[in-house]
Amino acid sequence: MFGFLLAAGLVAAASAAHIPSGTYTYTATMGGASVGTSTLTVRNVGDTTVIDEQVKGALSGSAASASDTLVLGADLAPLSYQMNAVEDGSPLKDSAHIDSTTASVTDVHGKSASFDLGASSKHFVVADFGLFAGLLPLPAQMRAWDNAPFLVVVPELGRSATLVPDQSVNPQRPAGVPEQDAAISFTGDAPFTIWYDPSTNVPDEIDVTSQGLTVTRQR
């Protein structure tokens, strides 16, 4: 009986932290003006989750397009990341490779850096500015990791920062966010909130109020 209950608990935990395969499209606005569109395809490949993204947008009159691929392990921890972009006609690329305790990144200038997990962080997250692949899995990752602090690495800049989920925040539900959606907020230099469907862990809206930035899923 105990073995059965334990197995049932493990199945429930795994189910709570999944990211369904499929294609998801998001639009970003800043100060009410459209700044980009992102289309992401999620695939389950063996015991990994692969997120492919295509982005087109413009900011301050500079046209940009990008593609990136994020690979997550069975526990949703990132394994690798690769980005290629063209901004105002100039090619850019960066990458990250992660083992259990170290993230090695190459920034858009070709400089390499490595980051180790500290005492306060147990997991890595990979996220580039203007791209969404690293944010899409965050609700599932937080459920899998029990809302633990994590170290986010930004390959684009070759930098890292610790982010902490703040469960004391009670954000006001924006118009258009489904009533069944749950919210998770993060504190730091650029606080943000993700509204997501708890049955799928797929984000419906991300609000970065300090920057006037809103990312909305297109249904």
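Is V164 buried, exposed or partly exposed, and what is its relative accessible area? V164 is partly exposed, at a relative accessible area of 35%, where buried means under 20%, exposed means over 50% and partly exposed lies in between, computed with a 1.4 Å probe on protein chains only. The legends below describe a predicted model, in which local features need pLDDT of at least 70 and side-chain atom pairs count only at pLDDT 80 or more, while totals for chains, interfaces and linings use all residues. Residues are numbered from 1 along each chain as its sequence is written, and side-chain values use heavy atoms, with hydrogens and water left out.

View 1. V164 lies in strand β11, strands being DSSP runs of E with at least two residues and helices DSSP runs of H or I with at least four, both numbered from the N terminus. Apart from its neighbours within four places in sequence, V164 is in contact with P149, S185, F186 and T187, contact meaning heavy atoms within 4.5 Å. V164 and S185 are separated by 21 residues in sequence and by 8.6 Å in space, C-alpha to C-alpha.

**View 2. F192 in the largest nonpolar core.** The largest nonpolar core has 51 residues, of which L138 and F192 touch the most other members; such a core is a set of buried Ala, Val, Leu, Ile, Met, Phe, Trp, Tyr and Cys residues joined through side-chain atoms within 4.5 Å. Strand β10, residues 150–154, gives the most to this core, with four residues. Neighbours within four places in sequence aside, the contacts of F192 include L135, L138, L163, I184 and I206. In soluble globular proteins, nonpolar side chains tend to be buried together.

**View 3. The aromatic pairs.** Three aromatic pairs are found in a search of the whole structure, with rings of Phe, Tyr and Trp (its six-membered ring) taken as paired if their centres lie within 6.5 Å, and with planes under 30 degrees apart counted as stacked, over 60 as edge-to-face and the rest as tilted. The pair of Y26 and F132 is tilted, because the ring centres are 4.3 Å apart and the planes stand at 45°. This pair links distant parts of the chain, since Y26 belongs to strand β1 and F132 to the loop between β9 (124–126) and α2 (138–144), 106 residues apart. Y26 is buried at a relative accessible area of 2%, and F132 is also counted as buried, at 4%. F186 and F192 form a stacked pair, 4.8 Å centre to centre with 25° between the planes; both residues are buried, and together with F150 they form one aromatic cluster.

View 4. Strands β1 (residues 22–30) and β2 (residues 33–45) run antiparallel and are joined by nine bridges, pairing being assigned if DSSP finds at least two bridges between two strands. A28 stands opposite G36 in β2. Two residues separate the strands of this hairpin, and G31 in the turn has a positive phi of about 60°. A33, placed in strand β2, is partly exposed at 40% relative accessibility.

**View 5. D181 in the loop between β11 and β12.** D181 is found in the loop between β11 (159–165) and β12 (182–187). D181 is buried yet has no salt bridge, the nearest side chain of opposite charge being R219, 5.1 Å away; a salt bridge would require a side-chain nitrogen of Lys or Arg within 4 Å of a carboxyl oxygen of Asp or Glu, and Lys and Arg count as positive and Asp and Glu as negative, with His and the chain ends not counted. Beyond its neighbours within four places in sequence, D181 is in contact with R173, W195, Y196, D197, P198 and D204.
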